[in-house]
Amino acid sequence: PSIRLSPATRSLFDEPLAIAVQGLGPQQPVTLRTSLRDETGELFQAWAHYQTGDDGALDLARCPALPGGSFSGLEPMGLLWALQPQKPFWYMVKKDIQRPFLLQLEVFDGHGDPPGRLLAQAQHERAFLRDGVRRVPVREGRIRATLFLPPGEDPFPGIIDIHGLGGGLLEHRASLLANHGFATLALAYYHYEDLPQKPTELHLEYFEEAVNYMLQHPQVKGPGVGLLGYSKGAELSLAMAAFLKNIRAVASLNGPVAITSIPLRYRDKTISCLQHNDEKIKVIDSNILDYSDVALDVFQAPGNQSLIPLEKAEAQLLFIVGQDDHVVKSEYYATEVCKLLQAQGKENFQILSYPGTGHCIDPPYFPLYPIGNHPLFHKRALLGGELVAYSKAQVHAWPQIQAFFNKYL
């Protein structure tokens, strides 16, 4: 038997991969297993039980997985989206986007545990950079970032990608976006190189500098830029839209609509943080906590100073929210803030709401991360999400984000 993959040897991480096995016997029961090690050496695996057709062929696009594996039913990409860490509560780390992940595929005889005889195996690279995409480290003024430029000399729509609490510089999302034709700046804002390690306040001028850098770049198509923010990064993106010029479109992934955890300063104005009540922490089991009710309701506190004045934003706003988010009440926040905007005659917003989806929303085929370290309280916390729903949400949201930016940039 042999494994047939399309593309054969290498694909982009957010691209589908067609998997088929040929040379098996008719009605033969087999187990397929995928394995991948991240940069820290942690192992992720998924497996599924199949039975071949009368001709001995097995095509995952046409053949449903039988119960008993990581997933069941007709799921051509199940062996990728169902990858789970063998070490509990582990997030797939991807810092060096210039090195592809190496995916191992194996076919075993039967449905046994442990698996039966190895019948076939193959390797495949899952890459983050399309040929011709340039990765440019940026150290301009105070900015610490990486710019990804698609192939060619044309100006491209420009996006600034901002991640959540935890700091550092994450490039996986920006690199994948650049493959789709966007000049994308992955922006660090703390805990990286000479940026503050533990800032007591964040300055919007820093982010304004990043906007100006993009607009002055010969390969960024003006007159404005887009912002893609996740969690704290989404909150900062919404604040940028409220206070800064030249922001055309903001996609917020599970972002608060108030300033949280670190005060935000712009010129002579400081926006204080939304307060939280630690008595509302729930204990799920001995060492996992649920912080979903800890923050005070920004819409119930009259004259709340931490709410971002989104009525000032001229940008188009896309709120992408997980209905099972246990870190930020993102669906509630997005719904309430859109009601406020609507009451003021605004129509510059839309909400994409995903059931069974937790706080962590990544590009397609990143593994489910339902329990992890809380970025603010530094304890193990429930982030939310169910495997199948979450995986489908990531696959659905990714082209929606690109279509949104293509429309408004």
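Reader: How many salt bridges does the structure hold?

Author: Happy to start there! This is a predicted model, in which local features need pLDDT of at least 70 and side-chain atom pairs count only at pLDDT 80 or more, while totals for chains, interfaces and linings use all residues. Residues are numbered from 1 along each chain as its sequence is written, and side-chain values use heavy atoms, with hydrogens and water left out. With a salt bridge taken as a side-chain nitrogen of Lys or Arg within 4 Å of a carboxyl oxygen of Asp or Glu, the structure holds 16.

Reader: Which strands hold R33 and E106?

Author: The side chains of R33 and E106 form a salt bridge, with N to O at 3.0 Å. Strands here are DSSP runs of E, at least two residues long, and helices are runs of H or I of at least four, both numbered from the N terminus. The pair ties together parts that are 73 residues apart in sequence, because R33 lies in strand β4 (residues 29-37) and E106 in strand β8 (residues 101-109).

Reader: Is E106 buried or exposed?

Author: Buried means under 20% relative accessible area, exposed over 50%, and partly exposed in between (1.4 Å probe, protein chains only). E106 has 14% relative accessibility, so E106 counts as buried.

Reader: Which helix holds both E235 and K232?

Author: These two side chains make a salt bridge, their closest N and O atoms being 2.6 Å apart. Both E235 and K232 are buried. They sit 3 residues apart, about one turn of the helix, in α4 (residues 232-243).

Reader: What is the relative accessibility of K339?

Author: K339 pairs with E336 in a salt bridge at 2.9 Å, N to O. Both lie in helix α5 (residues 330-343), 3 residues apart. K339 counts as partly exposed because its relative accessibility is 45%.

Reader: Which residue forms a salt bridge with E75?

Author: Let's bring in the domains, whose bounds come from an automatic or database domain assignment: domain 1 covers 2-127 and domain 2 covers 134-408. Between domain 1 and domain 2 the count is 1 salt bridge. The closest N and O atoms of the E75 pair are 2.9 Å apart, and the partner is K392.

Reader: How far apart are the centres of domain 1 and domain 2?

Author: The contact, meaning heavy atoms within 4.5 Å, takes 24 residues from domain 1 and 24 residues from domain 2. Taken over C-alpha atoms, the distance between the two centres is 32 Å.
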